[in-house]
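Me: Hey, I'm new to this one. Could you walk me through it?

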Amino acid sequence: MPSKRMRRHGGASAKPGPAAAEIVKTAGVISAVIFDLDGVLLDSEQVWDEVRKQLVKERGGRWHEQAHTEMMGMSSAEWSRYMHDELGVPDPPEEISAEVVRRLEEVYRERLPLIDGAPEAVERLAARWPLGLASSSNRELIDLVLELSGLARFFRVTVSSEEVPRGKPAPDVYLEAARGLGVAPERCAAVEDSRNGIRAAKAAGMRVIAIPNQHYPSGEDALALADVTLNSLAELTPSIVE
């Protein structure tokens with residue numbers, strides 16, 4: 001059974017390969033690629049924004065325009081506490097998290113907002129490297145998205161920020177994904193879109209490939225930390241990763 005701290009996925013493109021030490025020894029400078037989910041593979045940041053905003057209003061809380069930016073990258077435990085403490089939602093944080101997840105699951109089952117080129121980019125890189133996923137989404141949402149999209153088979157390891165001590169911009173979720181892949185963090189490339197995600201991957205010591213989200217700009221200070229900045233997933237090729 002997968003440990004609580006990460007989940008391993010298997011399938012046609014995630015068959016057992018060489019031992020981790022052999023992968024690191026025989027591959028090039030980059031030995032694994034780790035994707036973010038929301039904003040990179042899934043056009044979902046605005047969906048999160050709308051769901052949480054609606055819940056705050058329904059429960060008599062006080063939403064403000066910086067709320068989404070401040071919660072971006074937080075783990076479920078962190079943002080549910082924020083909604084309770086800062087936005088005035090009276091429900092216990094664990095109930096807030098569960099209700100947000102329930103509403104997002106409804107949205108995703110009705111129409112999964114995959115970003116154009118996401119399946120192709122994942123498959124393209126999976127043909128070359130073992131893939132991991134390091135997401136701030138709840139575990140239930142990660143698993144649902146990968147199931148509905150058919151992408152689960154490409155990821156050897158997936159980690160949610162709720163399974164590590166700290167959410168982004170702390171490096172914890174990226175370090176755990178690298179550990180699960182058996183690859184040193186400095187031999188990993190991370191694909192990110194957000195300010196806190198870029199900072200998290202950089203703090204983990206990874207090569208950072210930024211694909212800025214048009215709805216929620218990363219900011220020039222964060223983009224300056226990235227090793228490469230792309231306009232879209234269509235530009236994400238093995239040569240760029242290397």
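This is a predicted model: local features need pLDDT of at least 70, side-chain atom pairs count only at pLDDT 80 or more; totals for chains, interfaces and linings use all residues.

Me: How many bridges link S5 and S6, and in what sense do they pair?
Reply: There are four bridges, and S5 pairs with S6, residues 207–210, in the parallel sense.

Me: What joins S5 to S2?
Reply: Four bridges do, and S2, which covers residues 32–35, runs parallel to S5. In that pairing you'll find Phe35 opposite Val191 of S5.

Me: Why is S5 described as largely enclosed by the rest of the structure?
Reply: It's because five of the five residues in S5, 188–192, are buried. Buried here means under 20% relative accessible area.

Me: Which way do the S5 residues point?
Reply: Cys188, Ala190 and Glu192 point one way, while Ala189 and Val191 point the other way. Residues on both sides are buried, Glu192 included.

Me: What kind of unit do S5, H9 and S6 make?
Reply: A right-handed β-α-β unit, with H9 spanning residues 195–203.

Me: Switching topic: where does Met72 lie?
Reply: Met72 is in the loop between helix H3 (67–71) and helix H4 (76–85).

Me: Is Met72 buried or exposed?
Reply: Buried, because its relative accessible area is 10% and the cut-off for buried is under 20%.

Me: What does Met72 touch?
Reply: Leaving out residues up to four places away in sequence, Met72 touches Glu45, Lys168, Ser194, Asn196 and Tyr216. Take Asn196: it sits 124 residues from Met72 along the chain, yet their C-alpha atoms are separated by 7.1 Å.

Me: And helix H8, how many of its residues are buried?
Reply: Eight of the ten, so H8 (residues 172–181) is mostly covered. Among the buried ones are Asp172, Tyr174, Glu176 and Leu181.

Me: What comes just after H8?
Reply: Gly182, which takes a positive phi of about 75°.

Me: Which residues line the largest pocket?
Reply: The lining includes Gly39, Val40, Asp43 and Ile115, along with Ile211, Pro212, Asn213, Gln214 and His215. Asn231, Ser232 and Leu233 line the largest pocket too.

Me: How does that lining of the largest pocket split by class?
Reply: Five nonpolar, six polar and one charged.

Definitions and conventions: Residues are numbered from 1 along each chain as its sequence is written. Side-chain values use heavy atoms; hydrogens and water are left out. On a 1 Å grid over the protein atoms alone, a cavity is a set of points where a 1.4 Å probe fits but cannot get out, and a pocket is an open set with protein on both sides within 12 Å along at least five of seven lines; lining residues have an atom within 4 Å of a point. Ala, Val, Leu, Ile, Met, Phe, Trp, Tyr, Cys and Pro count as nonpolar, Asp, Glu, Lys and Arg as charged, and the others, Gly among them, as polar. Buried means under 20% relative accessible area, exposed over 50%, partly exposed in between (1.4 Å probe, protein chains only). Helices (H or I, at least four residues) and strands (E, at least two) are DSSP runs, numbered from the N terminus. Two strands pair if DSSP finds at least two bridges between them. A crossover is right-handed if, with the strands pointing away from the viewer, the path from the first strand over the helix to the second runs clockwise. Contact means heavy atoms within 4.5 Å.
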